[in-house]
Amino acid sequence: MTQATKSLEDVADLGPQMIYSFDLQGVCTLSVGPGLAGMGLKPGQLVGQNLFDLYTEPDIAATLRRALTGESFTIRNNVDGLDLRTTFEPVHGSDGAFEGVVAVCTDLTDYERAREDLTRFKALADDSPNLISIMDDRGQLSYVNPRLAELLNLTSSTVWATAEALVGENQAEELHARVRSGERWSGDLVLHLPTGEMVVRGQLFPLHDAIGDRQLGTGWIAQDITELRAANTDLKQFRALVDASSDFIAIAGLDGSVRYVNPAGRSMVGTSADADVSTTTISDYLTPDGIERSQQVEQPAVMKDGRWHGESTLRCADGSAVPVEISSFVVPDPDTGEPSALATVQRDISARLAAAKTQKEFVALVAHELRTPLTSVKGYIEIACESLEHPVPAGPAQLAAQLKVATRNIVRMEKLVEQILSVAGENRHRDDRRRRSDLVTLVTEAVESARPGVEAKGLEFTLTTCEPLHLTLDEAFVEVVDNLVSNAAKYTPSGGRVDVALSREGHDAVLVVADTGAGIAPSERELIFEKFVRGDLVARQTIPGLGLGLFITREIVQSHGGRISVGDRPGGGTRFEVRLPLTPAPAPQCGAPDQPT
């Protein structure tokens, strides 16, 4: 076998070739092969031409002269942009005389490009976190990337045996059948590894040559989706939990655009199940007071502290309002940790507020009655029970349920009255330890107790006091301060103020609670000034805007020998004034105790 023949076999698959020969003068005697087309030549076109005349470049001419010395060698050079590999062999006649040279030239241009592409592919695949492998057309592994290699101990003889152990016999047979038929396959697989199960999403596909008429093997690429699958499962469970919740649950962007509202939330505000909530904003679900509270209190607190808890009101499609308890918080981006959304969980507290109002009024009435002869306790209980009644349902089942609830309420009230009466009876035989003598201390404690609720509404709250004011006060007087402050906060919009001042004027202690609310409407002025100040408890039924708490406040003040008045605050708002007669300070106890005899 000549060197030229061996060279031809070595490079036959690397690119198109041409074979040419020339005599001792450099005249071409043969030119054939598909490689000629790449140089713009036809077969036989060079025959009869002197190669030294055609290729005058110094390097090419030097190579031709070297070949004519009878040396066998291979050289690689670039001609007209083509990467050529040429092997030169001397040609001898039958008598052994040196007659010329034969050359086998291979165009490696496309091969080199392919090799560069292959190098880039291998570098990419080696660094990939995915699972990548290639099998040749005989079913032997020709490449396995490091990520797959560290998981599996694959060899060419155990490819399908390993696949069977990893995914099961039936699944492995399906994959093998696809490979044999040259079909594509894609889907999810559960790999049973020694370290546990791994879920992958992959593709199995045939590899073809550049022309596409010959299958070169099969490629496999898969992505580990174990954590993604687990996250999707958790997400589905969370979504099911949120969808089943009876609370209003929503997610919005940082710009206030709503992304999601759960079914119960839609039902609560009267939004249809198929409505596109992405066209709405946070403000679309709030009353005017709720919008103001959200913008001035809730959203700043959430962005500053990451969460906020409080109360507000939702606006329904029919214009009604739903009082709600709110827990709002920031949703961080899972990758950067930066705020990416706002979430809120809001619970309807209408029933709770109604029950609390009823209970507060009931307890206030009974507590007030305990400061007077206990002749009307039964009547107050009947009034409180009536306030819990609802329209009687038509059906017998609904009626039975209603009666059951009413019975439980009455039982709770009876127990409550028993406890109050018991405490009252004990107090009548107890000393005056619950009596207070310093009005300043009592008012200060009451104001500090009420402060968080007032400031949570976005109001400024101030207290001004003087020197100690000695009075004999029941601790129930705390309720006076609480009721007056609560009333002021109720009718004062966010951004306003509530001022409490305690001073001495002559022989009176003067407590003033003033707010910057809307003040007293002219239409209500006569009723409030006349009936509230001097009227009885029944008068509250005819005075809009005055609740039971203020009438109980009046009764407590009067039971301490004081008087209460209500009027306009200079500059706008309402001003309540309580005057109590001062008593002398208790005389100090002098002298030493008697000595035993």
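Q: At what angle do the axes of helix α7 and helix α8 cross?
A: This is a predicted model, where local features need pLDDT of at least 70, side-chain atom pairs count only at pLDDT 80 or more, and totals for chains, interfaces and linings use all residues. Residues are numbered from 1 along each chain as its sequence is written, and side-chain values use heavy atoms, without hydrogens or water. Helices (DSSP H or I, at least four residues) and strands (E, at least two) are numbered from the N terminus. The axes of α7 (residues 159–167) and α8 (residues 169–181) come within 7 Å and cross at roughly 140°.

Q: Is α7 parallel or oblique to α8?
A: Angles run from 0 to 180 degrees between N-to-C directions, with axes fitted to C-alpha atoms, for helices over the stretch in contact. Under 35 degrees counts as roughly parallel, over 145 as roughly antiparallel, 65 to 115 as roughly perpendicular and the rest as oblique. The crossing angle is roughly 140°, so α7 is oblique to α8.

Q: Which residues of α7 make the contact with α8?
A: Contact means heavy atoms within 4.5 Å. On α8, the contact uses Glu169, Gln171, Ala172, Leu175, His176 and Val179. On α7, the residues are Trp160, Ala163, Glu164 and Val167.

Q: Which residue in β9 is the bridge partner of Ser186?
A: Two strands pair if DSSP finds at least two bridges between them. β8 and β9 (residues 196–208) pair in the antiparallel sense over nine bridges. In β9, the partner of Ser186 is Gln203.
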